[in-house]
Amino acid sequence: MANVQTQLRSLFDLTNEYLEGFCQQLQESEFRQLDYFQLPMPNADLESKPLTNIEVNHISGELALGQIKRAYLDFLRDKDQSGRLAKRHPGIVCLPKRYFEVFEPYLSKINALKTEFKSLVLTLDNNDARFDAVHSAVPGLMTLSFYRQIHYQANDPYSIRFTWMTKHSTKSLTRKLALTMLEKSSAYSNPRMIDQSHWQQLVEQEKRKVASLSENEKLRIRRPIRVTPEVNVRFADNRRYHVSGALPFLVFDDNPELKIGTLTNYQPKSDPRKQEHEYLVERLYLAKGE
(Lines give C-alpha, C1' and ligand atoms only; values in the text may rest on other atoms or scores of the structure.)
Protein backbone atom coordinates (compact mmCIF):
# COMPACT_ATOMS: atom_id res chain seq x y z
CA MET A 1 0.00 0.00 0.00
CA ALA A 2 2.79 2.42 0.90
CA ASN A 3 4.36 1.87 -2.52
CA VAL A 4 1.05 2.68 -4.25
CA GLN A 5 0.69 5.84 -2.18
CA THR A 6 4.17 6.93 -3.20
CA GLN A 7 3.40 6.30 -6.87
CA LEU A 8 0.10 8.18 -6.61
CA ARG A 9 1.79 11.17 -5.02
CA SER A 10 4.48 11.16 -7.69
CA LEU A 11 1.89 11.03 -10.48
CA PHE A 12 -0.13 13.78 -8.82
CA ASP A 13 2.89 16.07 -8.49
CA LEU A 14 3.95 15.47 -12.10
CA THR A 15 0.42 16.10 -13.40
CA ASN A 16 0.24 19.29 -11.35
CA GLU A 17 3.56 20.41 -12.77
CA TYR A 18 2.35 19.96 -16.35
CA LEU A 19 -0.96 21.65 -15.54
CA GLU A 20 0.82 24.68 -14.12
CA GLY A 21 2.95 24.87 -17.28
CA PHE A 22 -0.20 24.55 -19.38
CA CYS A 23 -1.89 27.38 -17.45
CA GLN A 24 1.20 29.57 -17.77
CA GLN A 25 1.08 29.00 -21.52
CA LEU A 26 -2.59 30.03 -21.51
CA GLN A 27 -1.64 33.24 -19.74
CA GLU A 28 0.88 34.07 -22.46
CA SER A 29 -1.36 33.25 -25.44
CA GLU A 30 -3.60 35.31 -27.69
CA PHE A 31 -7.27 34.34 -27.70
CA ARG A 32 -10.08 34.54 -30.19
CA GLN A 33 -12.72 33.97 -27.52
CA LEU A 34 -12.94 33.14 -23.81
CA ASP A 35 -16.12 32.15 -21.97
CA TYR A 36 -16.56 30.69 -18.50
CA PHE A 37 -19.95 29.54 -17.20
CA GLN A 38 -19.82 29.72 -13.42
CA LEU A 39 -22.10 27.25 -11.60
CA PRO A 40 -23.18 27.25 -7.92
CA MET A 41 -20.95 25.56 -5.36
CA PRO A 42 -22.14 21.96 -4.81
CA ASN A 43 -22.64 21.96 -1.03
CA ALA A 44 -23.87 19.16 1.20
CA ASP A 45 -27.51 20.36 0.98
CA LEU A 46 -27.58 19.46 -2.71
CA GLU A 47 -26.68 15.81 -2.09
CA SER A 48 -30.23 14.84 -1.15
CA LYS A 49 -32.35 17.56 -2.74
CA PRO A 50 -33.53 17.26 -6.35
CA LEU A 51 -32.44 20.16 -8.54
CA THR A 52 -35.19 22.53 -9.59
CA ASN A 53 -32.88 24.85 -11.56
CA ILE A 54 -29.25 25.82 -12.02
CA GLU A 55 -28.30 29.45 -12.52
CA VAL A 56 -25.33 30.12 -14.80
CA ASN A 57 -23.12 33.19 -14.40
CA HIS A 58 -21.56 33.89 -17.82
CA ILE A 59 -18.11 35.48 -17.63
CA SER A 60 -16.36 36.38 -20.89
CA GLY A 61 -13.17 37.91 -22.25
CA GLU A 62 -10.15 38.61 -20.08
CA LEU A 63 -12.23 38.30 -16.91
CA ALA A 64 -12.81 34.63 -17.78
CA LEU A 65 -9.11 33.75 -18.07
CA GLY A 66 -8.43 33.60 -14.34
CA GLN A 67 -11.51 31.43 -13.75
CA ILE A 68 -10.52 29.10 -16.58
CA LYS A 69 -6.97 28.62 -15.29
CA ARG A 70 -8.25 27.91 -11.80
CA ALA A 71 -10.73 25.39 -13.23
CA TYR A 72 -7.96 23.16 -14.59
CA LEU A 73 -6.25 23.16 -11.18
CA ASP A 74 -9.39 22.72 -9.08
CA PHE A 75 -9.35 19.19 -7.67
CA LEU A 76 -8.89 19.71 -3.92
CA ARG A 77 -12.03 19.92 -1.81
CA ASP A 78 -13.07 23.33 -0.48
CA LYS A 79 -14.28 23.52 3.12
CA ASP A 80 -17.87 24.36 2.08
CA GLN A 81 -17.99 21.82 -0.74
CA SER A 82 -19.88 18.54 -0.73
CA GLY A 83 -17.63 15.52 -0.33
CA ARG A 84 -19.72 13.59 -2.86
CA LEU A 85 -20.42 16.21 -5.54
CA ALA A 86 -17.58 17.58 -7.64
CA LYS A 87 -17.51 21.13 -8.97
CA ARG A 88 -17.96 21.58 -12.71
CA HIS A 89 -16.34 24.25 -14.84
CA PRO A 90 -17.93 24.55 -18.30
CA GLY A 91 -16.31 27.03 -20.63
CA ILE A 92 -14.71 27.59 -24.02
CA VAL A 93 -11.15 28.59 -24.93
CA CYS A 94 -10.84 29.50 -28.60
CA LEU A 95 -7.26 29.92 -29.79
CA PRO A 96 -5.72 30.56 -33.22
CA LYS A 97 -4.86 27.27 -34.89
CA ARG A 98 -1.11 27.94 -34.78
CA TYR A 99 -1.21 27.36 -31.02
CA PHE A 100 -2.16 23.70 -31.40
CA GLU A 101 1.50 22.66 -31.79
CA VAL A 102 2.31 24.53 -28.58
CA PHE A 103 -0.51 23.06 -26.49
CA GLU A 104 -0.83 19.53 -27.86
CA PRO A 105 2.23 18.14 -25.97
CA TYR A 106 0.81 19.51 -22.69
CA LEU A 107 -2.68 18.14 -23.37
CA SER A 108 -1.48 14.68 -24.38
CA LYS A 109 0.83 14.37 -21.37
CA ILE A 110 -1.72 15.70 -18.84
CA ASN A 111 -4.48 13.39 -20.09
CA ALA A 112 -2.12 10.39 -20.11
CA LEU A 113 -0.98 11.09 -16.52
CA LYS A 114 -4.58 11.43 -15.35
CA THR A 115 -5.40 8.08 -16.95
CA GLU A 116 -2.35 6.47 -15.34
CA PHE A 117 -3.33 7.84 -11.92
CA LYS A 118 -6.88 6.48 -12.25
CA SER A 119 -5.65 3.08 -13.47
CA LEU A 120 -3.32 2.79 -10.48
CA VAL A 121 -6.15 3.61 -8.06
CA LEU A 122 -8.34 0.92 -9.67
CA THR A 123 -5.69 -1.75 -9.08
CA LEU A 124 -6.64 -1.63 -5.38
CA ASP A 125 -9.17 -4.20 -4.24
CA ASN A 126 -12.07 -2.16 -2.94
CA ASN A 127 -13.43 1.33 -2.37
CA ASP A 128 -12.11 1.59 1.19
CA ALA A 129 -8.57 0.71 0.11
CA ARG A 130 -8.78 3.18 -2.78
CA PHE A 131 -10.07 5.97 -0.54
CA ASP A 132 -7.33 5.38 2.04
CA ALA A 133 -4.57 5.26 -0.57
CA VAL A 134 -5.69 8.36 -2.45
CA HIS A 135 -6.29 10.52 0.63
CA SER A 136 -3.10 9.40 2.31
CA ALA A 137 -1.18 10.36 -0.84
CA VAL A 138 -3.10 13.58 -1.56
CA PRO A 139 -5.29 14.74 1.35
CA GLY A 140 -8.53 16.39 0.22
CA LEU A 141 -8.32 15.19 -3.38
CA MET A 142 -11.63 15.00 -5.26
CA THR A 143 -10.75 12.05 -7.48
CA LEU A 144 -13.59 12.65 -9.97
CA SER A 145 -12.28 16.16 -10.57
CA PHE A 146 -8.70 14.98 -10.93
CA TYR A 147 -9.60 12.17 -13.34
CA ARG A 148 -11.27 14.55 -15.80
CA GLN A 149 -9.69 14.68 -19.23
CA ILE A 150 -9.15 18.03 -20.95
CA HIS A 151 -11.12 17.87 -24.21
CA TYR A 152 -10.08 19.83 -27.30
CA GLN A 153 -10.63 20.06 -31.06
CA ALA A 154 -8.36 21.25 -33.88
CA ASN A 155 -10.03 19.69 -36.96
CA ASP A 156 -12.15 22.57 -38.25
CA PRO A 157 -15.48 22.14 -36.47
CA TYR A 158 -18.60 23.88 -37.75
CA SER A 159 -19.99 24.66 -34.28
CA ILE A 160 -19.31 24.22 -30.56
CA ARG A 161 -22.45 24.37 -28.44
CA PHE A 162 -23.41 23.68 -24.83
CA THR A 163 -26.36 21.77 -23.43
CA TRP A 164 -27.48 20.16 -20.19
CA MET A 165 -27.42 16.37 -20.17
CA THR A 166 -29.55 14.20 -17.89
CA LYS A 167 -28.52 10.57 -17.65
CA HIS A 168 -30.08 7.57 -15.98
CA SER A 169 -28.34 4.62 -14.37
CA THR A 170 -30.16 1.47 -15.46
CA LYS A 171 -29.83 -1.94 -13.87
CA SER A 172 -31.85 -5.09 -14.64
CA LEU A 173 -32.40 -7.69 -11.93
CA THR A 174 -34.49 -10.73 -11.06
CA ARG A 175 -37.13 -11.00 -8.35
CA LYS A 176 -34.67 -13.04 -6.25
CA LEU A 177 -31.96 -10.37 -6.47
CA ALA A 178 -34.46 -7.63 -5.63
CA LEU A 179 -35.57 -9.51 -2.52
CA THR A 180 -31.94 -10.04 -1.49
CA MET A 181 -31.26 -6.33 -1.88
CA LEU A 182 -34.30 -5.45 0.22
CA GLU A 183 -33.32 -7.97 2.89
CA LYS A 184 -29.93 -6.30 3.24
CA SER A 185 -31.51 -2.86 3.42
CA SER A 186 -33.71 -3.90 6.35
CA ALA A 187 -30.61 -3.71 8.58
CA TYR A 188 -30.00 -0.09 7.58
CA SER A 189 -30.15 2.30 10.50
CA ASN A 190 -30.34 6.09 10.47
CA PRO A 191 -32.29 7.38 13.49
CA ARG A 192 -32.08 10.96 12.22
CA MET A 193 -34.08 10.02 9.12
CA ILE A 194 -36.54 7.36 10.27
CA ASP A 195 -37.39 5.29 13.35
CA GLN A 196 -35.91 1.78 13.02
CA SER A 197 -39.23 -0.02 13.54
CA HIS A 198 -40.95 2.18 10.96
CA TRP A 199 -38.07 1.56 8.57
CA GLN A 200 -38.39 -2.21 8.89
CA GLN A 201 -42.16 -1.99 8.37
CA LEU A 202 -41.57 -0.05 5.17
CA VAL A 203 -39.04 -2.61 3.90
CA GLU A 204 -41.42 -5.47 4.72
CA GLN A 205 -44.14 -3.80 2.64
CA GLU A 206 -41.70 -3.48 -0.23
CA LYS A 207 -40.65 -7.12 0.09
CA ARG A 208 -44.28 -8.25 -0.07
CA LYS A 209 -44.80 -6.27 -3.27
CA VAL A 210 -41.80 -7.90 -4.93
CA ALA A 211 -42.58 -11.37 -3.57
CA SER A 212 -46.08 -11.21 -5.09
CA LEU A 213 -44.59 -11.16 -8.59
CA SER A 214 -43.99 -14.24 -10.68
CA GLU A 215 -40.54 -15.81 -10.41
CA ASN A 216 -39.64 -14.88 -13.99
CA GLU A 217 -40.75 -11.24 -13.73
CA LYS A 218 -38.19 -8.83 -15.16
CA LEU A 219 -37.39 -5.86 -12.94
CA ARG A 220 -35.42 -2.72 -13.56
CA ILE A 221 -33.93 0.10 -11.53
CA ARG A 222 -33.71 3.31 -13.54
CA ARG A 223 -32.19 5.88 -11.24
CA PRO A 224 -31.72 9.50 -12.40
CA ILE A 225 -28.18 10.86 -12.26
CA ARG A 226 -27.47 14.51 -11.54
CA VAL A 227 -27.69 16.77 -14.59
CA THR A 228 -24.35 17.87 -16.04
CA PRO A 229 -23.11 20.31 -18.73
CA GLU A 230 -22.12 18.87 -22.09
CA VAL A 231 -20.16 20.16 -25.08
CA ASN A 232 -21.58 19.31 -28.51
CA VAL A 233 -19.16 19.48 -31.45
CA ARG A 234 -20.52 19.45 -34.99
CA PHE A 235 -18.73 19.44 -38.35
CA ALA A 236 -19.87 20.82 -41.71
CA ASP A 237 -20.64 17.32 -43.04
CA ASN A 238 -22.97 16.77 -40.05
CA ARG A 239 -20.59 14.49 -38.18
CA ARG A 240 -20.91 15.26 -34.48
CA TYR A 241 -19.93 14.11 -31.04
CA HIS A 242 -20.37 15.22 -27.46
CA VAL A 243 -18.10 15.24 -24.42
CA SER A 244 -18.35 16.28 -20.80
CA GLY A 245 -18.39 20.01 -20.17
CA ALA A 246 -17.01 19.68 -16.63
CA LEU A 247 -13.80 21.46 -17.72
CA PRO A 248 -13.33 24.30 -20.23
CA PHE A 249 -13.19 22.99 -23.81
CA LEU A 250 -10.34 24.12 -26.08
CA VAL A 251 -10.74 24.72 -29.80
CA PHE A 252 -7.89 25.68 -32.13
CA ASP A 253 -9.45 27.31 -35.15
CA ASP A 254 -9.06 30.33 -37.48
CA ASN A 255 -12.52 30.23 -39.07
CA PRO A 256 -14.30 33.57 -38.39
CA GLU A 257 -17.62 31.79 -39.08
CA LEU A 258 -17.15 29.19 -36.33
CA LYS A 259 -20.37 29.09 -34.33
CA ILE A 260 -19.87 29.05 -30.55
CA GLY A 261 -22.83 28.77 -28.22
CA THR A 262 -23.38 29.52 -24.54
CA LEU A 263 -24.58 27.49 -21.56
CA THR A 264 -27.98 28.76 -20.43
CA ASN A 265 -29.67 28.30 -17.05
CA TYR A 266 -30.97 24.80 -16.42
CA GLN A 267 -34.68 24.34 -15.83
CA PRO A 268 -36.23 20.85 -15.98
CA LYS A 269 -38.88 20.47 -18.65
CA SER A 270 -41.81 18.11 -18.42
CA ASP A 271 -42.41 16.07 -21.56
CA PRO A 272 -46.08 15.09 -22.02
CA ARG A 273 -44.98 12.20 -24.25
CA LYS A 274 -42.87 10.67 -21.47
CA GLN A 275 -44.36 7.56 -19.94
CA GLU A 276 -44.64 7.75 -16.18
CA HIS A 277 -43.27 4.73 -14.32
CA GLU A 278 -45.37 2.93 -11.77
CA TYR A 279 -42.74 1.99 -9.25
CA LEU A 280 -42.97 -1.13 -7.14
CA VAL A 281 -40.47 0.48 -4.77
CA GLU A 282 -40.43 4.20 -5.34
CA ARG A 283 -37.40 5.05 -3.22
CA LEU A 284 -35.28 2.60 -5.26
CA TYR A 285 -36.81 3.48 -8.65
CA LEU A 286 -37.62 -0.23 -8.91
CA ALA A 287 -40.20 -0.98 -11.59
CA LYS A 288 -41.33 -3.87 -13.75
CA GLY A 289 -39.22 -4.24 -16.87
CA GLU A 290 -40.60 -3.29 -20.26
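Modeller: Asp156 sits in the loop that runs between β4 (152-153) and β5 (159-165). Its phi is positive, about 55°, although Asp156 is not a glycine. The model is a predicted one, and these angles should be read as belonging to it. A second residue of this kind is Asn238, which is not a glycine either and has a positive phi near 75°. Asn238 is placed in the loop between β8 and β9 (240-244). With a relative accessible area of 44%, Asn238 is partly exposed.

Strand β8 (residues 228-234) includes Arg234. Arg234 belongs to a surface patch of positive charge, together with Arg161, Arg240 and Lys259. Membership of such a patch requires over 30% relative accessible area and no salt bridge. Arg234 has a relative accessible area of 30% as given, and counts as partly exposed.

Now to the charged residues that do pair. Side chains of opposite charge can pair when their charged atoms come close. With a limit of 4 Å between a side-chain nitrogen of Lys or Arg and a carboxyl oxygen of Asp or Glu, the count is nine salt bridges.

One of them joins Arg9 to Asp13, with the closest N and O atoms 3.1 Å apart. Both residues are in helix α1, and because they are four residues apart, about one helical turn separates Arg9 from Asp13. Arg9 is partly exposed at a relative accessible area of 33%, and Asp13 is also partly exposed, at 36%.

Another salt bridge links Arg98 and Glu30, whose closest N and O atoms are 3.0 Å apart. Here the partners come from separate loops: Arg98 is in the loop between β3 and α3, while Glu30 is in the loop between α1 and β1, so the pair ties together parts that are 68 residues apart in sequence. Glu30 is partly exposed, with a relative accessible area of 49%.

Glu204 and Lys207 form a further salt bridge, the closest N and O atoms being 3.1 Å apart. The two residues lie three residues apart in helix α7 (residues 196-211), about one turn of the helix. Glu204 is partly exposed, at 34% relative accessible area, whereas Lys207 counts as buried, at 14%. Salt bridges also link Asp74, Asp78 and Lys87 in a network.

In soluble globular proteins, nonpolar side chains tend to be buried together. The largest nonpolar core in this model has 41 residues, of which Leu8, Phe22, Tyr72, Phe117 and Ile150 touch the most other members. At least two residues of this core come from each of α1 (2-27), β1 (33-38), α2 (62-72), β3 (91-95), α3 (100-122), α4 (127-137), α5 (143-147) and β10 (249-252). The most is given by α1, which supplies eight residues.

Of its 290 residues, 40% count as buried. The C-alpha trace of the chain spans about 65 × 55 × 35 Å along its principal axes.

Notes: Residues are numbered from 1 along each chain as its sequence is written. This is a predicted model: local features need pLDDT of at least 70, side-chain atom pairs count only at pLDDT 80 or more; totals for chains, interfaces and linings use all residues. Side-chain values use heavy atoms; hydrogens and water are left out. Patches are made of residues with over 30% relative accessible area and no salt bridge: like charges are joined within 9 Å, nonpolar side chains (Val, Leu, Ile, Met, Phe, Trp, Tyr) within 5 Å. Accessible areas come from the Shrake-Rupley method with a 1.4 Å probe; for residues, only the protein chains shown count as cover. Lys and Arg count as positive and Asp and Glu as negative; His and the chain ends are not counted. The place of a charge is taken as NZ of Lys, CZ of Arg, CG of Asp or CD of Glu. Buried means under 20% relative accessible area, exposed over 50%, partly exposed in between (1.4 Å probe, protein chains only). A nonpolar core is a set of buried Ala, Val, Leu, Ile, Met, Phe, Trp, Tyr and Cys residues joined through side-chain atoms within 4.5 Å.
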